[in-house]
Amino acid sequence: MHDTYSEITLPFASSPHLLEQYTNASGGLRTGMLMEHLDSLAGSISYKHMLGPGVETLGRIQERGFYIVTASVERLDMLAPLHPVRDLRLSGQVIYTGKSSMEVAVKMEALNNSGQAEQTLLLGRFSMVCRDARTHKAHPVNQLIIATPEERALYSMGESSKSRRRSVALRSLSRVPPSSGEAADLHSFYLQYGREDDLAPKEERVWMGDTHLEKTMLMFPQERNVHQKVFGGYLMRMAYELGFANASLFTRSHVQFLSLDGISFAKPVPIGSILRLTSQILHTSPPGVYPAGVHVAVQANVVDVLTGHEETTNDFRFTWCRDDGATIARKVVPKTYQEAMLWLEGKRALEMGSQIRGRRNRSEGANLN
């Protein structure tokens, strides 16, 4: 496992020119660009696992006989704010292997003046799959050799992630009805916010269909990966920035990134295609929850110019919160059954994120004691 470890340092503290390329409008760092690097790093780590740590160039895919793509991103959780005055280290390694898949754990750390890790800023996991270069079917991957108790713990974490993804897929609202508790929550919410008569509350509400924000782009060859398709990290950055804009408009404030709650890569995006990114607000945290999150979905569709037919290639889910810590007064309200299921999916994602942050805070408190 340790042979797959890789890292890259972004020297923001010592390179004003580099910092300028990553600075956002509020003086912070462009998180979407860092996500793009993490996706690239996860791909490099996966190839390193397949080719060996001594191989420095990939070469031709056809000669290698296989290629690796990002299947999904389970989570990316921001643990602390990004400060542009410190160098950042992005690192990761393969922690689990299946028959043709690999789980890559990634980390973002702030470094002190001596180049030592001072604070962990982000943790996440990428699921990568290996394909035969000729048949495009599953290609076996090298199995991990576990050498230490720490590596065994990481491997178990990867196993748990795989089991959790299966469990989430089985409970997906696209496959099974909501639970009785979720149905009751939805009914109660509708009675309070969904009626259009005089009994509706005076506080502001927004129909989910009115939160749509869209961006249409032509895919250029400069953004291609080694498979001559659009680089997945570039799509992540575009989706992040559109979702950020939507969250900011909805909350009427600057927002802080909390988590990437999931990405699925269904199909590759060809060079030269027209890509339509559509974002909408799915859910907001109820009063009393801190930080108050807003859950945003971004869907990527490839459009056939000749027929107008659209095909979904990627589905992204993000969570932000207000920078000032204030609650989000506006409520997003579904009108249709499909929107109601998306509302419940957003509710699940916010609850999951709250649980993860709660466990982490308790763990940090225990470590301090």
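Glu 214 is partly exposed, with a relative accessibility of 46%; here buried means under 20% relative accessible area, exposed over 50%, and partly exposed in between, computed with a 1.4 Å probe on protein chains only. The model is predicted, so local features need pLDDT of at least 70 and side-chain atom pairs count only at pLDDT 80 or more, whereas totals for chains, interfaces and linings use all residues. Residues are numbered from 1 along each chain as its sequence is written, and side-chain values use heavy atoms, with hydrogens and water left out.

Glu 214 forms a salt bridge with Arg 276, the closest N and O atoms being 3.2 Å apart. The pair links distant parts of the chain, since Glu 214 is in strand E7 (residues 213-218) and Arg 276 in strand E9, 62 residues apart. Arg 276 is also partly exposed, at 25% relative accessibility. A salt bridge is taken as a side-chain nitrogen of Lys or Arg within 4 Å of a carboxyl oxygen of Asp or Glu, and helices (H or I, at least four residues) and strands (E, at least two) are DSSP runs numbered from the N terminus. Side chains of opposite charge can pair when their charged atoms come close.

By this rule the structure holds 23 salt bridges. In one of them, Glu 204 meets Arg 252 with the closest N and O atoms 2.9 Å apart. Glu 204 lies in the loop between helix H5 (180-194) and strand E6 (205-207), and Arg 252 in the loop between H6 and E8, 48 residues apart. Glu 204 is partly exposed at 33% relative accessibility, while Arg 252 is exposed at 57%. Lys 267 and Glu 311 likewise form a salt bridge, at 3.6 Å from N to O. Because Lys 267 lies in the loop between E8 and E9 and Glu 311 in strand E11 (residues 310-322), this pair ties together parts that are 44 residues apart in sequence. Lys 267 has a relative accessible area of 38% and is partly exposed, as is Glu 311 at 37%. Elsewhere, Glu 74, Glu 103, Arg 125, Arg 164 and Arg 165 are linked in a network of salt bridges.

Ten strands form an open, antiparallel sheet in the order E1-E3-E4-E5-E2-E8-E11-E10-E9-E7, where two strands pair if DSSP finds at least two bridges between them. Strand E1 (6-10) and E7 are the edge strands, each pairing on one side only. Neighbouring strands are turned by 25° against each other on average, direction ignored; axes are lines fitted to C-alpha atoms, for helices over the stretch in contact, and angles run from 0 to 180 degrees between N-to-C directions. Within the sheet, eleven bridges join strand E4 (residues 101-111) to E5, and the two run antiparallel. Met 102 stands opposite Met 128 in E5.

Helices pack on this sheet. H4 touches strand E2 (66-78), strand E3 (88-97), E4 and E5, and its direction makes about 75° with that of E3. H6 touches E2, E5, E7, E8, E9, E10 and E11, and its direction makes about 45° with that of E9.

Leaving aside neighbours within four places in sequence, Phe 126 is in contact (heavy atoms within 4.5 Å) with residues including Leu 38, Val 73, Leu 76, Met 102, Glu 103 and Met 236. In soluble globular proteins, nonpolar side chains tend to be buried together.

The cysteines may be considered next. Cys 130 is buried at 0% relative accessibility, and Cys 321 is buried at 4%. A search of the whole structure finds zero disulfides, a disulfide being a pair of cysteine sulfur atoms within 2.5 Å.

Most residues other than glycine have a negative phi, and most peptide bonds are trans. His 136, in the loop between strand E5 (117-132) and helix H4 (149-170), has a positive phi of about 65° and is partly exposed at 48%. The peptide bond from Tyr 290 to Pro 291 is cis, with omega near -5°, and Pro 291 is found in the loop between strand E9 (274-284) and strand E10 (293-303).
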